[in-house]
Amino acid sequence: MDFLNYLVSSIDDDTMFLIIYSFSMIIPSIISFVYFFVDYILVGIALYNMAFLAGYDYPFLAFIPFARFYLMHILPIKEYNFVGMYKNVNRAAGFGLFMAIQYVIPVVLYVVMICVGLIPFLGYLILLFFYLVWMVLTVFMCIARAVMRIDLLETYMPNSKGGAIGLGVGSIFVRPIYTISLLVLCRKEPEYGFGNYYNPVKEVEE
C-alpha cells in the first residue's frame, strides 16, 4: 500500500493527465467491443435456431460473418422487394443487392474518392459530388438493412406485420431492438411452418 501511495505521489500532473486520458480512450473501446461481441453471439444463437427449425441444412452460417446476412435473406419465404425499385422471387439475389449496397459500392466509392482527391482543384469539385452520392448511398444502406430485418421479423410475426415494420425500422436507430426481437421470436413457428420448406415432411401412404 505504501509503495502504491509512493508511486502515485511520484507521478507529475502531466503524466497523470496522460494516464487518465489514455484510460478514457481505451475503456469506451473495450465496452464497445464487449457489447458488439455479445450482440453478435446472441444474434447468431437466434438465427441458428431459426434456420435449424426451418430445416435449413447449414444453420451454422448464423455465426459466420456476412454469411449470417445470407440466412437473414433466405429464411423468409416471400418475394424480395427493395421499396419497389428491385423485385425478385430469388431471395439470394436480394442478398447480393444487400452486399453490393452495404459493402462493395462503399469500398469502391471510398477508393475512387481517395484517388480523385489527389487531382488539384478539380478534385475538390468532384469530391463534393461524391459526398452527395455518399449521403444518398447511406440512405440506401439503411433501407437495405431495414428491408432485410422486416422480412425476417414478418416471417415470425404474420399477425402483426405493422409491428414487424416498426421493430425493423426502429432497430436501425436502436440496435438492441433487433437482437431482443430475434431472441424472443427464434423459437416461434415461422409463417411457413417448422421444417416444412427446406425439408418437407413426406406424407405416409395408407
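This is a predicted model: local features need pLDDT of at least 70, side-chain atom pairs count only at pLDDT 80 or more; totals for chains, interfaces and linings use all residues.
Local features need pLDDT of at least 70 and side-chain atom pairs count only at pLDDT 80 or more, while totals for chains, interfaces and linings use all residues. Residues are numbered from 1 along each chain as its sequence is written, and side-chain values use heavy atoms, with hydrogens and water left out.

Trainee: Which residues are in contact with leucine 152, leaving aside neighbours within four places in sequence?
Mentor: Contact means heavy atoms within 4.5 Å. Leucine 152 is among the residues with the most contacts inside the core. Its partners are Leu47, Met50, Met72, Leu75, Pro76, Tyr178 and Leu182.

Trainee: Is aspartate 151 buried or exposed?
Mentor: Buried means under 20% relative accessible area, exposed over 50%, partly exposed in between (1.4 Å probe, protein chains only). Aspartate 151 has 7% relative accessibility, so the label is buried.

Trainee: How many residues apart in sequence are the parts that aspartate 151 and lysine 78 tie together?
Mentor: A salt bridge is a side-chain nitrogen of Lys or Arg within 4 Å of a carboxyl oxygen of Asp or Glu. Aspartate 151 and lysine 78 form one, with the closest N and O atoms 3.3 Å apart. Aspartate 151 lies in H5 and lysine 78 in the loop between H3 and E1, so the separation in sequence is 73 residues.

Trainee: Which residues make up the salt-bridge network with Asp151?
Mentor: Arginine 91 also forms a salt bridge with aspartate 151, with the closest N and O atoms 3.0 Å apart. That pair links H4 to H5, 60 residues apart. Both arginine 91 and aspartate 151 are buried. The network links Lys78, Arg91, Asp151 and Glu154.

Trainee: Which salt-bridge partner does lysine 161 have?
Mentor: The whole structure holds five salt bridges. In one of them, lysine 161 in H6 is paired with a residue in the segment after H7, so parts 30 residues apart in sequence are tied together. The N-to-O distance is 3.8 Å, and the partner is glutamate 191.

Trainee: Are lysine 161 and glutamate 191 buried or partly exposed?
Mentor: Lysine 161 has a relative accessible area of 37%, so this residue is partly exposed. Glutamate 191, at 48%, is also partly exposed.

Trainee: Which word describes the orientation of H3 and H4 to each other?
Mentor: Axes are lines fitted to C-alpha atoms, for helices over the stretch in contact, and angles run from 0 to 180 degrees between N-to-C directions. The axes of H3 and H4 come within 8 Å and cross at roughly 135°. Angles under 35 degrees count as roughly parallel, over 145 as roughly antiparallel, 65 to 115 as roughly perpendicular and the rest as oblique. H3 and H4 are therefore oblique.

Trainee: Which residues of H4 meet H3?
Mentor: H3 contributes Phe69, Tyr70, His73 and Ile74 to the meeting. On the H4 side stand Arg91, Ala92, Gly94, Phe95, Phe98, Met99 and Tyr103.

Terms used:
A nonpolar core is a set of buried Ala, Val, Leu, Ile, Met, Phe, Trp, Tyr and Cys residues joined through side-chain atoms within 4.5 Å. Helices (H or I, at least four residues) and strands (E, at least two) are DSSP runs, numbered from the N terminus.
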